2 protein chains.
Amino acid sequence: MRWTQTLIPTLKEVPSDAELRSHRLMLRAGLIRKLTAGAYSYLPLGWRALRKAAEIVRDEMDRAGAVEVHMPVLQPQELWDESGRMDDFGPLLMKFRDQHNKVNILGPTHEEVVTDIVRNTVSSYKQLPLTLYQIQVKFRDEIRPRFGVLRSREFLMKDAYSFDRDAEALDASYQAQYDAYERIFARCGLTYVAVEAESGPIGGSASSEFMVPSEAGEDLIVSCSSCEYAANMEKAAAKAPEAPADPAPQRKMTQVDTPDQRTIDDVAAFLGVRPSDLIKTMVYVCGGKPLVVCVRGDHDVNENKVARVAGGPVELADEDTIQRVTGAPVGFAGPQGLSRDVPLYVDHAVSIMAGAVAGANAADAHVTGVNPGRDFPLDHLCDLRYVVAGDGCPHCGADLAISHGIEVGHVFKLGTKYSDALGAAYLDENGASHAMVMGCYGIGVNRIIASAIETLADDAGIVWPMSLAPYQVLLTPIRAKGEEMAAAETLYRELTDAGVEVLLDDRDARAGVKFNDADLVGIPIRVNVGARGLAEGIVEVRDRATGEVAKVPLGDACARLAGDVRARLAALNP
Amino acid sequence: MRWTQTLIPTLKEVPSDAELRSHRLMLRAGLIRKLTAGAYSYLPLGWRALRKAAEIVRDEMDRAGAVEVHMPVLQPQELWDESGRMDDFGPLLMKFRDQHNKVNILGPTHEEVVTDIVRNTVSSYKQLPLTLYQIQVKFRDEIRPRFGVLRSREFLMKDAYSFDRDAEALDASYQAQYDAYERIFARCGLTYVAVEAESGPIGGSASSEFMVPSEAGEDLIVSCSSCEYAANMEKAAAKAPEAPADPAPQRKMTQVDTPDQRTIDDVAAFLGVRPSDLIKTMVYVCGGKPLVVCVRGDHDVNENKVARVAGGPVELADEDTIQRVTGAPVGFAGPQGLSRDVPLYVDHAVSIMAGAVAGANAADAHVTGVNPGRDFPLDHLCDLRYVVAGDGCPHCGADLAISHGIEVGHVFKLGTKYSDALGAAYLDENGASHAMVMGCYGIGVNRIIASAIETLADDAGIVWPMSLAPYQVLLTPIRAKGEEMAAAETLYRELTDAGVEVLLDDRDARAGVKFNDADLVGIPIRVNVGARGLAEGIVEVRDRATGEVAKVPLGDACARLAGDVRARLAALNP
C-alpha cells in the first residue's frame with residue numbers, strides 16, 4: 001500500500017480530551033476518529049490492526065474447536081423477559097420501538113440469543129459438547145464513555161458460549177477456552193495475567209479475567225508478591241490473620257458521647273484514635289431480612305462477599321430498618337448487644353482487634369474498649385471486605401500487592417442459569433432430559449489493540465508487535481523521486497511478492513516529517529532508502545522498538561526482511 | 001470440521017412461511033434461523049458462506065485500490081440534519097434516545113459519516129483520489145421484511161465511497177468499482193446483468209445496478225432482445241415511435257357525456273374502446289407550479305422521468321389545483337384547450353395517436369376524435385412513462401423484454417450532493433477550494449448468498465459454487481465406524497493438510513439420511529467411503545451439480561480432489 005493512496009491523518013498536536021496514552025496515540029497516528037460519544041470510526045491503519053487481532057482470535061477459537069456463527073444486533077425483548085435480565089442491565093441497554101411498536105434491544109451480549117438457537121436446534125447428547133462463538137459489534141449505553149476505545153458505547157467483542165452435558169464436561173470446554181485465551185494474548189504480544197474473578201451470587205462456579213497490567217487500566221489486580229495467586233479486586237481474598245501473640249488489654253467497654261460524629265473519620269478524629277481502631281458496623285438486607293456486617297474501620301465492605309455468605313443479593317438497609325435493628329439512628333451501630341435473631345457477620349480482621357471503638361447503638365454515642373468475642377459473638381467469622389495492599393496472600397501468606405489492569409478477556413462458568421430460564425435441555429442415552437450446562441467467554445477486541453499500544457508505546461509513538469502491526473514493513477525513500485524512489489519501488493514489489501505487508505511512504509515530504517510519522521504509526525521495521533546508502537549498495541533497516549539500525553545490502557534486503565518478519569511472528573506463536 | 005462438532009440443523013419439513021426457494025433452503029439446510037422480524041442468525045454453514053462472499057468482495061475492493069475502514073453503527077442525528085436526509089428515510093430509520101437524550105441513528109448507509117471523516121482529514125488534492133469502503137451491518141426498519149435475507153431489517157453491506165477532484169476523475173473511480181463488481185459477481189458464480197439505473201433528480205449523473213436474473217427478484221429488469229441494452233424499470237426508456245405510415249382519420253373532436261366515468265377502464269368500457277385509445281392526462285406540481293402530463297391510457301406515468309423534465313421532484317396535484325388547471329373535477333382532464341401558461345408534457349406514444357379519447361376538461365364528459373398536434377401542442381414531447389414488454393429498444397429498436405431480478409449491487413455517481421452539504425472541500429495546486437466529487441457503491445452481501453442459492457439450487461437442495469461453498473469437499477463414510485471411518489479419517493487429514501476445506505460426516509446415521517442432507521447442504525464435491533469400494537481400493541467422488549460419479553483410487557483421491565477444487569476456483573477467477 002502506498003501512503004498517498006490510503007488515509008493516515010497523523011496529528012502533531014496532542015488531542016486535549018484524550019487522557020490515556022493509547023487514546024492519544026490512536027488519534028495522533030490516524031487509527032481512529034471519534035464520530036459521537038463512545039463510537040469511533042476505524043481508519044485504515046486502525047482497522048487493519050483490529051482485523052489482525054480479530055483474526056488471531058478467530059484462528060485460536062477454531063483451533064479450540066469452537067464454531068463460528070453470527071447473531072443479529074437486533075434482539076426481541078421477549079427473550080430478555082424470559083431470562084429476566086432487562087432490569088440487570090437497566091439504562092445500559094440501548095433499545096427502540098420499531099414500526100410495529102415492538103421493542104428491539106441492541107445486543108450488549110448474546111446469552112439469550114444463543115440459548116434460544118441451541119434450545120431450538122440441539123436436542124440430543126450426541127450434539128454435545130458444542131461451543132459457538134462470534135466476533136461482533138456490541139452496544140452499551142455507557143453514561144460516561146471514556147478512554148477512547150477502552151470504554152465505548154459500541155465495540156467489537158468475541159463472545160463464545162459452550163453447551164455441555166454436565167459440570168465435568170463444562171470443565172473441559174472452559175479449559176479449552178482458557179487455553180485459547182492464553183495463546184491469543186501471547187500471540188498479540190501482550191503481557192497479561194489471568195486473575196480469579198467474581199462470578200456473582202447466581203450461577204457461575206468459576207470465573208477468570210485476563211488482565212493486561214497497566215496504570216491506564218480501570219480494573220484493580222490483586223497479586224501475591226511471592227506465589228502465583230492473582231484475583232480481581234471483587235474476588236480477592238486476604239489470609240485470615242492469626243491472633244496476635246500479645247493479646248490486647250482487657251479494658252472495659254465504656255460509652256462515650258460522640259454528638260453528630262457519624263463517619264469513621266469523624267469519630268476517629270473526635271476520639272483521637274486511628275480509623276483502624278474502629279469497628280465499622282453496617283446493616284444490610286437480604287431477601288427482606290436484615291443482617292449486620294462488621295469490618296475494620298479502615299476497610300471497605302465487599303458486597304459480593306456479603307452476598308455470598310448471606311446466600312443472595314444484598315442492599316444497604318434503610319433508616320427504619322437500622323433504627324429497628326440497632327435501636328439507634330444511622331451512624332451509631334455497633335456489634336455488641338444486638339439481637340441474636342439478626343445474623344452478625346464479622347470480618348477476620350475484626351476478630352483480632354482489641355480495645356476497639358464501635359457505635360453504641362444509641363444516638364450520638366460510641367463505646368470504647370470493645371473486644372470481639374467477649375463483647376459480641378464471632379459465630380460468623382468470614383471474609384467480607386476488599387483487600388488492601390499488604391494483606392496476606394490467601395495461598396502463601398506473603399504480601400498482596402494491588403495494581404491496575406485492562407480487562408481484555410473473561411471466561412465464566414454459567415451453569416444452568418440461562419438453560420433453565422429458557423428451557424435448553426437435551427436428552428441423554430436413556431431418554432432423560434437435562435438442562436445444558438453453559439459457559440461464556442468474552443474478549444474485547446478493541447481493548448487488545450488499545451492495550452498493546454498502551455503498554456508497548458514509547459515517547460515517539462506506537463510500537464506494534466509484528467502480529468498486530470497494520471503493515472509489517474515501512475519503506476521510506478528519503479526523497480520520493482529519482483533513483484531512491486525507483487529502488488524503493490523495486491523493493492516494494494519484491495517484498496509484496498514475498499508476502500510481506502509493506503507500506504510505501506511515497507509522499508513528497510521532508511525526511512523529518514516522514515521519520516516522525518514513522519515513529520508515530522509504529523510499523524515494526526522501517527527501511528530507509530537514501531541516495532548515500534544506494535551509492536554504497538545498501539539500505540538502512542531500523543527496528544522501531546529498539547532503534548537499532550542495520551545496513552543491509554540492497555540485494556539481500558528482501559530475503560532478510562521477509563525472514564525477520566517470519567521470525568518475529570513465530571516468536572509470538574511458538 | 002466434523003459434522004457432530006458443528007451445528008447443521010437440517011429440516012425435513014418445508015417451512016410454511018418461506019415463500020422463496022432460497023429462503024426455504026437456507027432454513028432447511030441449517031444456514032440461518034430467524035431471531036425476530038427481518039433479523040437472522042447465521043449458523044455455521046451459512047456464516048462460512050457469507051464470510052466467503054465478504055472475502056471475495058474485500059479482495060476485489062483491495063485490488064481496485066479502495067481502502068478498508070470501519071464506521072460505527074451509531075450515528076449522531078446532527079450529521080443527518082446537515083445532509084437533510086432525515087425526511088428522505090422517514091420511518092425506515094431505526095433510532096433511539098440515549099441516556100443523554102441525544103438521538104442515535106442506526107446507520108442504514110454511511111454517506112454522512114464518511115463525508116464527515118473526509119472533510120476532517122483530507123484537505124489537499126495530493127490526498128485524492130480516495131476510495132474508502134467497509135463491510136458492515138446496516139439497519140432499515142422495513143415495515144414488511146420478507147424473502148428471508150433478501151429483504152431484512154439488519155443486513156451485511158459492502159459500501160464504498162469515492163472522493164475525487166472532478167467529474168473526470170470520478171469517472172475513473174466509478175469505472176474501477178464497476179469493474180470490481182463484475183469480477184466479484186463472476187467469482188461468486190452468479191449470472192448477472194448490469195442495468196442502467198435511475199440516479200434521481202438530485203446529483204447523480206450515472207448509476208448502474210447489478211441484477212441477478214431470477215423470478216424471485218423484486219426488481220424488474222428491462223432488456224433488449226437483440227442488443228446489450230438493459231435498464232431497471234425506473235430508468236428504462238422506449239424508442240420513440242415513428243409516425244404511422246397511414247395517419248389517422250381526421251375526425252372532429254366531439255364531446256360525449258361520461259357521467260361518473262373517471263378511470264381509464266371505466267371510460268373505455270363505457271365508450272366501447274380500448275384503454276390504449278385513451279389519453280391519460282395527469283396534473284402534477286413541481287416547485288409549487290402545476291404541469292400537465294399525458295401518456296397513453298394503457299401506460300403508467302414514471303414520475304422519475306417527469307421529475308427529470310420538470311427539473312425537480314414532482315407530486316400529484318390536489319383537487320383544487322386540478323380544478324383550476326382543467327376547469328373540471330378530478331377524472332375529466334384532457335390536453336386540449338388548456339392554458340399555455342401551464343407546461344404540457346406529452347409522451348412519445350401519445351404523439352402518434354389519432355382519434356383518441358380524452359377528458360373534456362368538464363365534469364362528466366370526455367371528447368372523442370382527439371388528434372395530438374392538431375388539438376393540443378406537442379412542444380414538450382418526451383419519455384414520461386414506464387416501458388412495457390414489446391416497446392422498442394432505445395438503442396436498436398428491437399423488442400424490449402421485462403424480467404425479474406435480485407439487485408445485488410449498485411454503483412452511483414453522487415456528484416457534490418454530500419460534499420456541498422457537509423463542506424468536504426480540497427485545495428488544488430493553486431490554493432483554490434473545490435467541493436470533492438463523490439461516488440458511492442453498494443453490495444448486499446447476504447443477497448449474494450441468497451441469489452446463488454436461488455439460481456443454482458435444484459430440487460434436492462443447494463448447489464454451491466466452489467467459491468462460496470461453506471466446505472469444498474464433503475467426506476461421507478457410509479458407516480461412521482470400522483475401516484470406512486478409518487479410511488475417511490485418513491483422507492480427511494490428507495485433504496486438510498493439502499489445504500482443502502473438508503466436512504466429515506461422522507454421524508452415526510443411515511446412509512440415506514446422510515445422502516439427503518448432503519444434497520440439501522450442497523457441498524460441491526462429495527466423497528463416499530464405503531466398504532464395497534474400499535474392497536476395490538476406490539472411493540466414489542460425486543459432483544453435486546451434475547450428479548456424476550467417478551470411482552477414484554484411494555491413493556489418488558487427495559491429489560485429484562485438491563486439484564479439482566483448485567480448478568473450479570480458478571475457473572471462477574480466471
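Author: Let's start with one definition: a residue counts as buried if 20 or more other C-beta atoms lie within 10 Å of its own, and as exposed if 12 or fewer do. Keep in mind that this is a predicted model.

Now to the strand itself, β7 of chain A, residues 130-139. How many of its 10 residues are buried? The count is 7, so strand β7(A) is largely enclosed by the rest of the structure.

Who are its partners? One is strand β3 of chain A, residues 67-68, which runs parallel to β7(A) and is joined to it by 2 bridges. Within that pairing, Val67(A) has Leu132(A) as its bridge partner in β7(A). Another is strand β8 of chain A, residues 154-164, and here the pairing is antiparallel, over 10 bridges. As a bit of background, strands of a sheet pair through backbone hydrogen bonds, either parallel or antiparallel.

The contact between the two chains takes 44 residues from chain A and 44 residues from chain B. On the side of chain A that touches chain B, β7 and β3 each supply at least two residues, and so do other elements, including helix α2 (44-63), strand β5 (94-97) and helix α5 (111-121). Sorted by class, that side of chain A has 25 nonpolar, 11 polar and 8 charged residues.

How do the two chains sit relative to each other? Chain A superposes on chain B by a rotation of 180° with 0.1 Å of shift along the axis, at an RMSD of 0.2 Å. The two copies are thus related as by a two-fold rotation axis. Which residue of chain A comes closest to that axis? That would be Phe96(A), with its C-alpha at 2.7 Å. Both copies use the same surface, too: 100% of the contact residues of chain A recur in chain B.

Let's step back to chain A as a whole. Its secondary structure comes to 16 helices and 29 strands, and its C-alpha atoms fill a box of roughly 95 × 65 × 50 Å along the principal axes. Of its 574 residues, 51% count as buried. Among the contacts in chain A with a separation of 6 or more, 71% are between residues 24 or more positions apart.

Further along chain A there's an open sheet of 5 strands, in the order β26-β25-β27-β28-β29, with mixed pairing. Its edge strands are β26 (502-504) and β29 (549-553), each of which pairs on one side only. From one strand to the next, the twist averages 25°. Strands β28 (residues 538-543) and β29 of chain A run antiparallel and are joined by 5 bridges, with Arg542(A) standing opposite Val549(A). Across β25, β27, β28 and β29 of chain A lies helix α16, residues 554-572, running at about 125° to β29(A).

Over in chain B, another open sheet has 5 strands in the order β16-β14-β15-β17-β20, again with mixed pairing. Here the edges are β16 (314-316) and β20 (380-382), and neighbouring strands are turned by 35° against each other on average, direction ignored. Strand β17(B), residues 344-347, runs parallel to β20(B), joined by 3 bridges, and Asp347(B) has Cys382(B) as its bridge partner. Helix α8 of chain B, residues 303-310, lies across this sheet's strands β14, β15, β16, β17 and β20, at about 125° to β16(B).

And what about the nonpolar core? The largest one has 274 residues, and Val473(A) and Val473(B) touch the most other members. Among the residues that Val473(B) touches are Leu495(B), Ile523(B), Val527(B) and Leu561(B). More generally, in soluble globular proteins, nonpolar side chains tend to be buried together.

One last stop is Thr455(B), found in helix α12 of chain B, residues 445-456. Thr455(B) is buried, with 21 other C-beta atoms within 10 Å. Thr455(B) touches Thr191(B), Val212(B) and Ser214(B). Its C-alpha is separated by 9.1 Å from that of Glu215(B), 240 residues apart along the chain.

Key: Residues are numbered from 1 along each chain as its sequence is written. Chains are lettered from A and ligands numbered from 1 in the order in which they are written. This is a predicted model: local features need pLDDT of at least 70, side-chain atom pairs count only at pLDDT 80 or more; totals for chains, interfaces and linings use all residues. Helices (H or I, at least four residues) and strands (E, at least two) are DSSP runs, numbered from the N terminus. Two strands pair if DSSP finds at least two bridges between them. A nonpolar core is a set of buried Ala, Val, Leu, Ile, Met, Phe, Trp, Tyr and Cys residues joined through C-beta atoms within 7 Å. Two residues are in contact if their C-beta atoms, placed from the backbone, lie within 7 Å. Axes are lines fitted to C-alpha atoms, for helices over the stretch in contact, and angles run from 0 to 180 degrees between N-to-C directions. Ala, Val, Leu, Ile, Met, Phe, Trp, Tyr, Cys and Pro count as nonpolar, Asp, Glu, Lys and Arg as charged, and the others, Gly among them, as polar. Copies are superposed by least squares on the C-alpha atoms of residues with pLDDT of at least 70 in both. Lists of a residue's contacts leave out its neighbours within four places in sequence.
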